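Here is a short report on rings, charges and pockets. Look at the model first, then read on.

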Amino acid sequence: MRYEMMLPRQIRTAIENRWPVVLPLGVLEHHGEHMAVGMDTLAVIGVLEILERERDLVILPPFYYGAASYAVEPPEGTGSLHVDADALAPLAKSMFGGLLRIGFRNIHVVIHHQTENFSAGMPTDLAFKFAARQAIFAFLERERGEGWWGSEKMADYYARQSASEDPFNWIKAHPLMIPAKMDGYPFDHAGEGETSLMMDLFPDAVDMSKLTDDKWYTRSAKSASRELGARGRESILAHLREALR
Ligand SMILES: [Zn+2]
C-alpha cells in the first residue's frame, strides 16, 4: 500500500502485523542524454511496486533529494540536483523519529545510488543510516528514559540482539542491487544495466534516439534491452523478497 493512501485503521493493521514500511531513496542525477534524471529513485519505486502486489508492504512517498554529487556532470543544463548530506541527516532523523512515534518497528530504506561499496557507504546512504541510529537512540531515551540500556530489564540484551526485538533492527538500509545476487547483471551508471532496467520498469524514461557516445559511462547503453532489464528486475526482486521481511 502507498502510505499516503492509507486510513488510520490500515496503518494500525500494518503496525500490529509488522508489515515492512519502505522508503524508496535516491537522487536526481544526469544519466546521459537518453535517460531521465530520476532513474536511481525510479528503479527503486518500480521494483517495490511489483513486490507490493505480491505481499503486504507499505511504500512511503519516495525521497528523491539525495546527495547526487556533481561527479558525473556539473548541474548546469544537465539536471543533476545535489543536496548536501549534512542537510539530509537532520531531516532523515526527524522522518525516522516520526515513523517510530507512529508505531512502526519494521522500517527499511532501499537506495540505488553509489551503492557499489555499500558497507563503507556513500554520503546519501550514510546520512540516512546515521540518522536512523540517532532517531532510535532519541526515541528510546524519550520512551524509556536515560539508563534504559543499563536497566535490569535489558539483562538479556545480547541473547536477544539477533532477533527483531533489538531496537537497532527497527530501521535497516539496503542497496537495490547486491552484485553477488545479480547473476552477472551489468552494474553501471546510465550504461547497459541501468538503461535496460529503465526500459523494463519505466519505458517512458528512456529515449534511445538521444543516446550519444561521447561519454564513457553511457557507451555500453547501446546494448541495452528490455529482455536484459527484465532479468535484472527478477534478480532485484529475489533479493528484496529476502531483505524486506
Ligand atoms: Zn544511476
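## Pockets

A pocket is an open set of grid points, on a 1 Å grid over the protein atoms alone, with protein on both sides within 12 Å along at least five of seven lines. The model examined here is predicted.

How much space lies in the second largest pocket? About 150 Å³. Its lining includes Arg2, Glu4, Pro24, Ile45 and Leu48. Helix H2, residues 39–54, gives the largest share of that lining, with four residues. By class, seven lining residues are nonpolar, four are charged and none is polar.

The largest pocket holds about 300 Å³ of space. It is lined by 17 residues, and Val72, Gln114, Glu116, Asp188 and His189 are the closest to its centre. Here the classes are six nonpolar, six polar and five charged.

## Aromatic rings

The structure has 10 aromatic pairs. One of them joins Tyr157 and Tyr158: the ring centres are 5.1 Å apart and the planes stand at 75 degrees, so this pair is edge-to-face. The cut-off for that label is an angle over 60 degrees.

Are these two residues buried or exposed? Tyr157 is buried, with a relative accessible area of 10%. Tyr158 is exposed, at 59%.

Elsewhere, Phe63, Tyr65, Phe96 and Phe128 form one aromatic cluster.

## Charges over rings

Two ring contacts involve a charged side chain. Arg105 places its charged end over the ring of Trp170, 4.7 Å from the ring centre. Lys129 has its charged end over the ring of Phe118, 3.9 Å from the centre.

Key:
Residues are numbered from 1 along each chain as its sequence is written. This is a predicted model: local features need pLDDT of at least 70, side-chain atom pairs count only at pLDDT 80 or more; totals for chains, interfaces and linings use all residues. Side-chain values use heavy atoms; hydrogens and water are left out. Rings of Phe, Tyr and Trp (its six-membered ring) pair if their centres lie within 6.5 Å; planes under 30 degrees apart count as stacked, over 60 as edge-to-face and the rest as tilted. Buried means under 20% relative accessible area, exposed over 50%, partly exposed in between (1.4 Å probe, protein chains only). A charge sits over a ring if NZ of Lys or CZ of Arg is within 6 Å of the ring centre and within 35 degrees of the ring normal. On a 1 Å grid over the protein atoms alone, a cavity is a set of points where a 1.4 Å probe fits but cannot get out, and a pocket is an open set with protein on both sides within 12 Å along at least five of seven lines; lining residues have an atom within 4 Å of a point. Grid points are joined across faces, edges and corners, and a volume is the space filled by probe spheres set on the points. Ala, Val, Leu, Ile, Met, Phe, Trp, Tyr, Cys and Pro count as nonpolar, Asp, Glu, Lys and Arg as charged, and the others, Gly among them, as polar. Helices (H or I, at least four residues) and strands (E, at least two) are DSSP runs, numbered from the N terminus.
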